[in-house]
Amino acid sequence: MDSEVLGGFTLLLFSFWHLGLTAPNYNCDDPLVSSLPSTALTSSTELFSTHSPSFAKLNRRDGAGGWSPLDSNKQQWLQVDLGDRVEIVAVATQGRYGSSDWVTSYTLMFSDTGRNWKQYRQDDTIWVFTGNSNADSVVHHKLLHSMKARFLRFIPLKWNAGGRIGLRVEVFGCSYKSDIADFDGRSSLLYRFNQKLMSTFKDVVSLKFKSMQGDGVLFHGEGQRGDYITLELQKGKLSLHINLGDSNLHFSNSHTSVTLGSLLDDQHWHSVLIERFNKQVNFTVDKHTQHFRTKGDSDHLDIDYELSFGGIPVPGKPGTFQRKNFHGCIENLYYNGVNIIDLAKRRKPQIYTVGNVTFACSEPQIVPITFLSNSQSYLLLPGTPQIDGLSVSFQFRTWNKDGLLLYTELSENSGPLLIYLRGGRLTLLIQKGTENPVEITEGTNLHDGLWHSVNINARRHRITLTLDNNAATASHATTASRIYSGNSYYFGGCPDNFTDSQCLNPITDFQGCMRLIFIDNQPKDLILVQQGSLGNFSDLHIDLCGIKDRCLPNYCEHGGKCSQSWTTFYCDCNDTGYMGETCHNSIYEQSCEAYRHQGKTSGFFYIDSDGSGPLGPLRVFCNITEDKIWTAVQHNNTGLTRVQRADMEKPYTMFFNYNSSAEQLEAVINSAEYCEQEAAYHCKKSRLLNTPNGMPFAWWVGRANEKHLYWGGSLPGIQQCACGLEESCLDMRYFCNCDADREEWTNDTGLLAFKDHLPVTQIVITDTNRSNSEAAWKIGPLRCYGDRQFWNAASFNTEASYLHFPTFHAEVSADISFFFKTTAASGVFLENLGIKDFIRVEIRSPKEIAFSIDVGNGPREATVQSPAPLNDNQWHYVRAERNLKQTSLQVDSLPKKVLEAPAEGHFRLQLNSQLFVGGTASRQKGFLGCIRSLDLNGQKLDLEEKAKMTPGVKPGCPGHCSSYGNLCHNGAKCVEKYNGYSCDCTNSAYEGPFCKDEVSALFEAGTSVTYIFQDPYPVTKNASTSSSAIYVDAVVSKENIAFSFLTAHTPSLLLYINTYFHEYLAVILSKNGK
């Protein structure tokens, strides 16, 4: 079956099957709040009873006409209990009726239980909704992703400056029906097949799960032949292990394993979809999908007897491993269209239940907290002072290597006790006056985002620190003084006022989450803290853990390795060939022409043809000559290779390896003006193309694996060699020398120069198996010259003129680079607009370049001020870049302007209009001058081709020598060319592309070099009228002669000049060396 057809069929199969599992309710837009009892609406506080949340339904006017809290700050919330889990698709808000109180922006949180809240995200960002601009108009928002929840909270962020928070709300959606199974870590469901063996070539498994445990098997199946499939949680990530029919792989490390997701042990619902068709598998966790092919020798998955869900029920079954069972809830579990949980609820015989499986989700009432700030967050909890001993325990998770976890001042002058992270290790420190400090260090890499438990127990002089409940590795220490519990326990940081708190933080504040805090063996109710009746706090989120994996997805490009802290991510670009905050920018130039422009001479270089694009760098030889800049790519066999005993039955084949991908070579070829490869065939009684009319005995394969029947020096589609075109073959009856089939050696040699067919990837020879038959071939390196892009330019002659190109798609990374020259004071180089987003680069004034961008958080602008005017009609270089971490602008070699990106907010650049170059959509502030070598994310725009068909714009731009003439040294002249410039070394004693290489000679004794110059003005009738090049410019009024010498011989005649008029000049090194 054709692979494309098969792929289409597979996609169709998956789509229809999955559609049946999650068919949406297209009428899911019912108002859900209006019919609720007033007790279903609650809030953080209320101003008066007339401003209570019970009056916060949309369009209500009773009471004070809506909800207002006691204080208007960002700690306030309005909560709706929708009675059951429902599907929420939209929300709407109003201000408080007839007042100046309304909310201008807010966020949403949702929960199944009214505990452990989750923030609504869109585009992987905590979504900020636009609120109201007056008290009574309704602002409606349809959610991009529906939520399934029972509880919904509105969190006001901003409100009318002339009033306070005022809110009325409605929620739209519909009922949500689901089948749920609760597994306690020792239970499972077995789905038993009707026959001993279930063999499938396609499978679809879909489910949702929630758990507080980071490890556990969600489902497993295996067969006698070594087939197996396992889905399991491992350290909060989901791993899919699969093998199709290869028992040899089952106990080795070569089975197929793919890991997706992160932080999945957060007690929130996560969706999973596994689609398999033969060896092709699509694995989706939440919004992230990975496509892969399985290993094994079969397309079928053969499972014996049963599939188990929730764990592996029988330890010791052949091929199974000792893994933890799943502890949590699974919802809407479908295997190949079968609703497993529904069968279990109805006690169908296909399902066998192991252990205690219930059909409602038991929710642990655990309250996590989030420490938001690295300078202001803390949680104060009271203890019981002066108890003999100490007992504190808690759990934490973070991405930060450093942070204070706990500070408490022990009673009876026992000194302070601190627990903190430093370098990802846990340290306990007790410091009492002049006594030696007591210090215990435990663990490594504790900033891995996983939950870690800490237990501190002290009795008299002995203290014990236990990490992750591992008593076997607990650390103990002895103190000089007895330990008595303190009165106040500061978690995460210290208040600003040291005098009151006596809390001193020797390290930075903790940023991360905590839960399950016990002091003196008593659990602390953090909801009471939130309500203000226990302890104190600052800059916390109570009842949610706001941890986010900033490395999922990995925004480090080109194989960069991602690491993170609580607020940002970092990219390690070592060994990638790229640099920058996200490894976006190539460290190499895009062509040999660009290296030559930097003043480099011939040598091996890496070039990156598409710059920041997906293609990697390629090692080439840049032959930088006075005339042309050649790029040569070697392959694995450029020498002359002899061939014997090859025929049609057993052809000789050689494949060429250029140490690069086909796409890299194609990019080099496409960006060049001309490319060639030498093809030589030396033959003795060995025919080549079998001309004039026979089937060829040799051929070569080029780009796109296409077979070619012409040879070097000929043209595509013409089955001839060079001598056939030139009518110079040894035997005129044939079109190749070798086709004459002679006993003596001859050859056919020429250049393959049709770019679309290069490079040569393979050669096949079939006529060296006859008596006295032999051949030798040679395929030279790929050689190209001329950079079609580096000098590609357009001249904009009117302010209303511009070039337009397709939309610039650069959602997370954008780099723009170009050269410009102008005499105008201002103008827009380029602009691309979206509905709200935009990107623009312009010259604001003769000394200022500006890069403006808006990705939805409001405009940001990087500007570079130049000390000298930039409208001097010289070429200047501009590079603007935007990624998730920075916005930057570089002009020539001036200091780069860098703006740091916000940690939260919109980050995708959404553009939809055409890209305007040299002008704007409004046709105002157009650019007058030249733009050259315009590069967007590694793609060069063909300005010249576009300019040919655009009025007011001309292709090309003259005047390169005015900017680059200084690269021609030692009195050489810069010669203007359409595409660039060259250095004329005629008037110089130097040579090379920049006239920097000395012209020298070695003189043996008795040797000399004589130059005869003809007089520029003939004095006789018979004298030649041609003049030496040194006289071309003007009448010579004086002579300047300079040279260097090195010798050990005296006396020596170094230079002697005489004229037609018997005048002479001599430079002699005398005997004494003077």
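Select F209 first. In this predicted model, F209 has 0% relative accessibility, so F209 counts as buried. The cut-off for buried is under 20%.

Show both side chains and look at the rings. Their centres are 6.2 Å apart and their planes stand at 85 degrees, so this pair is edge-to-face. The label edge-to-face needs planes over 60 degrees apart.

Where do F209 and F326 lie in the chain? F209 is in strand β13 (residues 202–211), while F326 is in the loop between β21 (301–309) and β22. The pair therefore ties together parts that are 117 residues apart in sequence.

**Next stop: two tyrosines**

Select Y191 and Y335. These two residues form another aromatic pair, and this one is edge-to-face. The centre-to-centre distance is 6.0 Å, with 65 degrees between the planes. Colour the strands to see what is linked. Y191 sits in strand β12 (residues 188–200), and Y335 in strand β22 (residues 327–335). Are Y191 and Y335 buried or exposed? Both are buried.

How many aromatic pairs are there? The count comes to 37.

**A cluster of rings**

Select F790, W791, F819, Y877, Y964 and Y981 together. These residues form one aromatic cluster.

**Charges over rings**

Go to W451 and show R515. R515 lies over the face of W451, at 3.9 Å from the ring centre. Then move to W875 and show R932. Here the charged end of R932 sits over the ring of W875, 4.6 Å from the centre.

**Last stop: the empty space**

Rolling a probe the size of a water molecule over the atoms shows where empty space is left. A search of the whole structure finds five cavities of 30 Å³ or more.

To find the largest cavity, select S591, C592, T631, G786 and D787. Among the 15 residues of the lining, these lie nearest the centre of the cavity. Next, colour the elements that give two or more residues to this lining: α6 (592–597), β47 (629–633), α7 (662–671) and β56 (782–787). Which element gives the largest share of the lining? The answer is β56, with four residues.

Finally, colour the lining by class. Seven residues are nonpolar, six are polar and two are charged.

Key
Residues numbered from 1 in each chain as written. Predicted model: local features only at pLDDT ≥ 70, side-chain atom pairs only at ≥ 80, totals over all residues. Heavy atoms only, no water. 1 Å grid on protein atoms, 1.4 Å probe; cavity = no way out; pocket = protein on both sides within 12 Å on 5 of 7 lines; lining within 4 Å. Points joined across faces, edges and corners; volume = space filled by probe spheres on them. Nonpolar A, V, L, I, M, F, W, Y, C, P; charged D, E, K, R; others polar. Phe/Tyr/Trp six-rings, centres within 6.5 Å; stacked < 30°, edge-to-face > 60°. Buried < 20%, exposed > 50% of the residue type's maximum accessible area, 1.4 Å probe, protein only. Lys NZ or Arg CZ within 6 Å of the ring centre and 35° of its normal.
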